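Here's a quick tour for anyone meeting this structure for the first time.

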Amino acid sequence: RSMNLTYAIASPEKIDAVNTLLYASYHPDEPITKHLGLYKGPGSIPDADKRVKNSIQRNLSLFAYDCHGKEIGVCINNGYYRNDFLSIIDNEIEGLIDPAYKPFLAVHKELRAKNTHIFDELKTEKFFCISMVGVDP
């Protein structure tokens with residue numbers, strides 16, 4: 001069955017549409033966010049919004065559009081290099097807006113710290129990462 005979808009880069013000028021999709025279906029169910037009680041409705045996680053804004057500036061994220069041109073999905077992607085894999089989160093912790101988000105970043109920093117060996121195992125200096133996926137409910 002053809003869904004007649006088209007795709008395009010999720011650019012910074014479309015940040016409102018990006019966040020609408022993420023707050024509709026990603027943030028409410030993201031396990032750490034849910035456990036910490038961070039989601040309280042649209043716009044309630046400013047540090048996550050800042051992470052998304054920084055990610056889409058790299059032009060790696062994509063929108064899916066329906067046959068009428070409406071955004072129905074977004075995939076927030078990023079690229080990571082070995083030399084800044086941990087320092088990116090350190091910088092996010094330093095620039096924290098809401099202290100309640102710090103445990104979220106701490107968990108992600110610990111996960112990264114325990115998995116830096118993957119660069120050696122796969123003999124690479126960079127990774128592509130699918131970070132978040134939001135869809136129109």
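A word on classes before we start: Ala, Val, Leu, Ile, Met, Phe, Trp, Tyr, Cys and Pro count as nonpolar, Asp, Glu, Lys and Arg as charged, and the others, Gly among them, as polar. With that in hand, the lining of the largest cavity sorts into six nonpolar residues, two polar and one charged. Keep in mind that this is a predicted model.

- The largest cavity has a volume of about 40 Å³.
- Around the largest cavity you'll find Tyr26, His27, Glu30, Thr33, Ile45, Ala48, Tyr101, Phe104 and Met132.
- The second largest cavity comes in at about 30 Å³, and its lining is made up of Asp47, Lys50, Arg51, Glu92, Leu96, Tyr101 and Leu105.
- Sorted by class, the lining of the second largest cavity has three nonpolar residues, no polar ones and four charged ones.

- The largest pocket holds about 740 Å³ of space.
- It is lined by 30 residues, and the closest to its centre are Arg51, Asn78, Tyr80, Arg112 and Ser131.
- Which elements give two or more residues to this lining? They are helix 3 (46-56), strand 3, helix 4 (87-94), helix 5 (102-113) and strand 4.

- Four strands make up an open sheet, ordered 1-2-3-4, with antiparallel pairing.
- Strand 1 (6-9) and strand 4 (126-135) sit at the edges with a single partner strand each, so one side of each has no neighbour in the sheet.
- Direction ignored, neighbouring strands of this sheet are turned by 20 degrees against each other on average.
- Four bridges link strand 1 and strand 2 in the antiparallel sense; if you'd like a spot to look at, Ile9 has Leu62 in strand 2 as its bridge partner.
- Strand 2 (residues 62-65) also runs antiparallel to strand 3 (residues 71-81), and four bridges join the two.
- Along that pairing, Phe63 stands opposite Val74 in strand 3, while Tyr65 stands opposite Glu71 in strand 3.
- The hairpin of strand 2 and strand 3 has five residues between the strands, and in it Gly69 takes a positive phi near 85 degrees.

**The cysteines**

- How many disulfides are there? The count comes to zero.
- For background, a disulfide is a covalent bond between the sulfur atoms of two cysteines.
- Is Cys75 buried or exposed? Cys75 is buried, with a relative accessible area of 18%.
- Cys67, on the other hand, is exposed, with a relative accessible area of 54%.

Definitions and conventions:
Residues are numbered from 1 along each chain as its sequence is written. This is a predicted model: local features need pLDDT of at least 70, side-chain atom pairs count only at pLDDT 80 or more; totals for chains, interfaces and linings use all residues. Side-chain values use heavy atoms; hydrogens and water are left out. Two strands pair if DSSP finds at least two bridges between them. Axes are lines fitted to C-alpha atoms, for helices over the stretch in contact, and angles run from 0 to 180 degrees between N-to-C directions. On a 1 Å grid over the protein atoms alone, a cavity is a set of points where a 1.4 Å probe fits but cannot get out, and a pocket is an open set with protein on both sides within 12 Å along at least five of seven lines; lining residues have an atom within 4 Å of a point. Grid points are joined across faces, edges and corners, and a volume is the space filled by probe spheres set on the points. A disulfide is a pair of cysteine sulfur atoms within 2.5 Å. Buried means under 20% relative accessible area, exposed over 50%, partly exposed in between (1.4 Å probe, protein chains only).
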